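Here is a brief report on one site and the strands around it. Look at the model first, then read on.

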Amino acid sequence: MANPMSMTILVVIVLTALAAVVQVTEAVNYVVGDSAGWARPSTLTYYTTWANGKNFSLGDVLVFNFATGAHDVATVTQTNYDACSIANTISLVTAGPYSYTINSTGTHYFICTFSNGGHCNSGQKLAISVGNSTNATSPGSPPTTVSSSPPPPAGSSASSLAATLPLVFMTIALAFFY
């Protein structure tokens, strides 16, 4: 059996490892369109480019910054997204800014319904893929960045490594002290 000093050290190592794991899985806030916000973009691929390379995960938040009365955010099906159809939206938010918390895996589709879908046809639409290690895609929108600078989003290789290291240290500590 280990002595009390060894047990104290073990407890400190385990608590430190747990704190590291909790921080690694922290949700990330993404400001859609970065400083441009949610607006009619200058190119049809602006929001696609913005989403490319991002690893969206459950619990992450998309922040749509837009002026109330100038834009909106509609959650739509893939069919309505592809056609920029404003009929039968899943949800419609007309007051900005709007924070959307990702609560399911799969592809999420967003459009602006202003001008009878004209804003969408001009590229104001976003599609993101949410999963373990999928990259996001989105036709018709400019590049955007993460608004916070905590650790990389969960699911990225850096965060997976960071989550694994504390477990390795805990295993070594347990083997060493027992």
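Contact means heavy atoms within 4.5 Å. This is a predicted model, in which local features need pLDDT of at least 70, side-chain atom pairs count only at pLDDT 80 or more, and totals for chains, interfaces and linings use all residues. Residues are numbered from 1 along each chain as its sequence is written, and side-chain values use heavy atoms, with hydrogens and water left out.

**The site.** Asp72 sits in the loop between strand S2 (61–64) and strand S3 (73–76). Strands are DSSP runs of E, at least two residues, numbered from the N terminus. Asp72 is buried, with a relative accessible area of 3%; buried means under 20% relative accessible area (1.4 Å probe, protein chains only).

**Its surroundings.** Leaving aside neighbours within four places in sequence, Asp72 is in contact with residues including Trp38, Phe66, Leu92, Ile111 and Thr113. Ala95 is 23 residues from Asp72 in sequence, yet 7.0 Å away in space, C-alpha to C-alpha.

**Strand pairing.** Two strands pair if DSSP finds at least two bridges between them.

| Strands | Bridges | Direction | Opposite residues |
|---|---|---|---|
| S3 and S6 (residues 106–111) | Three | antiparallel | Ala74 and Ile111 |
| S6 and S7 (residues 125–130) | Six | antiparallel | Gly106 and Val130 |

Notes: Helices (H or I, at least four residues) and strands (E, at least two) are DSSP runs, numbered from the N terminus. Buried means under 20% relative accessible area, exposed over 50%, partly exposed in between (1.4 Å probe, protein chains only).
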